[in-house]
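Biologist: I would like to learn how to read a model like this one. Could you take me through it, feature by feature?

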Amino acid sequence: MDLARFIELRRRLWDELEAGLERLQRRPKSLSHQELEDLALRYRQVLHDHALAAARFPGTGVTRRLARLSLRGTHALVRSDGRQRWSLWRFLTATFPRAFHRLLPALGVALALFVGSGLLGLFLAAVRPGLATSFLGSERVADLERGRLWTEDLTTTMPPALASSGIATNNLGVAITTWMGGATAGALTLYVVLLNGFHLGALMGVTLHYSMADELLEFVTAHGILELSLILVASAAGFELARALLGTGDRPRSVALGEAARDSLWVLLGCLPWFVVLAVVETFVSPDPSISHGAKLAVGMALELAFLAFALNPAARATATAPTTAGGEA
Amino acid sequence: METTERNVVLGLDNIRLDLPVAGVGSRVLAAAIDSVLVVLLVAGWALIALLALPETLGDWRIAIFVLGYFVLDQGYYAVSEITTRGRTVGKRAVGLRVVARDGGTASPASLLLRNLLRQVDILVGVFLMALDPLSRRLGDRLGGTLVVHEETGGSEVTLGRIPPGWTAREVALAEAFFARTEELDLDQTLFIARLFNRWLVRDAPDLLTGTEPGRDPLGALGQALLPHRENAASGAAS
């Protein structure tokens, strides 16, 4: 077929696709289902025309027009993820729990590292209290020597509104950074896990040394149980990201990377709202001396159980091995 | 259209698509524009929080500002890319857009992923983009996205009539000539137009009917080969 004949036979189709794409861009809802089907058919025909023109008539204006139309059609009509409408309910009941199930091995690793570094911090604080107190700073140590925890400052020096918003944004930032640290081959995530574990262990050791451990536990129980869980889950998501970057097994890297990245993203997104709840608890419940230790423990356990019930949704467990696709659909 | 760096990806039915992948320079420029916009948005938000919210809220006004600042800082890029199908204000200004690896529309999850990794990419992104033939930063690799130049197109010259027997080579030559007539000096233009007219006399004399190739070689050539719109423009130029 020569170029003139090719254009004569196919130009109408190209014009129709161009007009259809224009309409789709301007008034997407004005197209009926059948019109969309026709548009998709024309798009595929134009793609093939483009392939033919690129091979047989390179460098011509027609080939350039077909390349442009193909790109425009691809952008307007192709969705590689087969996106469905976003559903919060589906995310909460299926997408997040499934991704969480697949993350459990990485969560085990994060927990082991955290406990290990925590025990090391506790051990160091026990045998070398002077070294461990350097983590706290002289002012806090002075507070401890006066029989006072630095956590009381949360209510005495800062208005609750500022404290809660500051805590929420700080913890959200820590969670995102921990997850994102997976992109540094896991180095930053590892650092966050080890540092937090060591820091908590050392704090416990120092407060034990000053006989203030009960007060510290009373302060952290309401928010700390879930907060640590969430940081560990974010760390596990970061490790999963790192694993996908470093080792993809026998699958193409882009596929393995995409799946792991999405799974870890779903888990991170499922964790973030809890940090806002925890910030309120940490500001209004944890430092309040009028609330008993038992009540604070009950709040902490209730929050942890609520999160676990959400994350370990048994309905999602059965299909946990299937990869989640983008857009929240599992 | 030919000025951008192009890279091939396989689209639907494994058909090659030449994506005009955006390079480091244009992407950094777009990011700089967006960064300025984020600063302006934060400043506007601060004014709203401090001046427009009722004073009875007390310290909660600052708390609302802090939370809003966090959302703007972390969410501007992702939300604007998701709602505009890959075009933030900065990208729109520079003529860029984010697409999926196959050239299609990137999913919200992909856009969210690439933007949550922005802080890591501030450190290593430019380096990675410089090394990658598709100019992908880490967020692009994990999100499965590319940043491409918007296809504006439509301005290239295409022949309206093709003489019988002309192959793609002659057609491309004639289109390139029409596209460059304004860059050539008059003598060169007329010389080349006469050459084309000789081919037309040989291959398709009918196309020159009603024209005066001897007196106005460029006008005659345009009238013979170009669609009406380009023909009129060419005639005016000559």
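Biologist: How many helices and strands does chain B have?

Modeller: A word on the ground rules before I answer. This is a predicted model, in which local features need pLDDT of at least 70, side-chain atom pairs count only at pLDDT 80 or more, and totals for chains, interfaces and linings use all residues. Residues are numbered from 1 along each chain as its sequence is written, chains are lettered from A and ligands numbered from 1 in the order in which they are written, and side-chain values use heavy atoms, with hydrogens and water left out. Helices (H or I, at least four residues) and strands (E, at least two) are DSSP runs, numbered from the N terminus. Chain B has 10 helices and four strands, in the order β-β-α-α-α-β-α-α-α-β-α-α-α-α from the N terminus on.

Biologist: And what are the counts for chain A?

Modeller: Chain A has 14 helices and zero strands.

Biologist: What does the radius of gyration of chain B look like beside that of a compact globule?

Modeller: The radius is taken over C-alpha atoms, and the globule rule is 2.2 Å times the number of residues to the power 0.38. For 238 residues a compact globule would come out near 18 Å, but chain B has 26 Å. Its C-alpha trace spans about 85 × 40 × 30 Å along the principal axes.

Biologist: How should I read burial and contacts in the two chains?

Modeller: Buried means under 20% relative accessible area, exposed over 50%, and partly exposed in between (1.4 Å probe, protein chains only). By that rule, 45% of the 238 residues of chain B count as buried, and 48% of the 330 residues of chain A do. Contact means heavy atoms within 4.5 Å. Taking contacts with a separation of 6 or more, residues 24 or more positions apart account for 57% in chain B and for 80% in chain A.

Biologist: Is B:Ile122 buried or exposed?

Modeller: B:Ile122 is exposed, at a relative accessible area of 64%. Its place is in helix 5 (residues 118-131) of chain B, and its C-alpha atom is separated by 9.6 Å from that of B:Arg137, 15 residues apart along the chain.

Biologist: Which backbone angles deserve a second look?

Modeller: Most residues other than glycine have a negative phi. Here A:Ala185 has a positive phi near 60 degrees; this alanine lies in the loop between helix 9 (160-180) and helix 10 (187-209) of chain A and counts as partly exposed at 42% relative accessibility. B:Arg85 also has a positive phi, of about 55 degrees. B:Arg85 lies in the loop between helix 2 (60-83) and helix 3 (89-94) of chain B, and is partly exposed at 33%.

Biologist: Where in chain A is confidence lowest, and where highest?

Modeller: pLDDT is the predictor's confidence in each residue, from 0 to 100. Chain A averages 82, and 88% of the residues score at least 70. Confidence is lowest in helix 8 (residues 153-156) of chain A, at a mean of 60, and highest in helix 5 (residues 104-127) of chain A, at 92. Over residues 323-330 of chain A the pLDDT is below 50, though this stretch has 29 contacts in the model beyond near neighbours in sequence. Where pLDDT is low, the predicted coordinates should not be read in detail.
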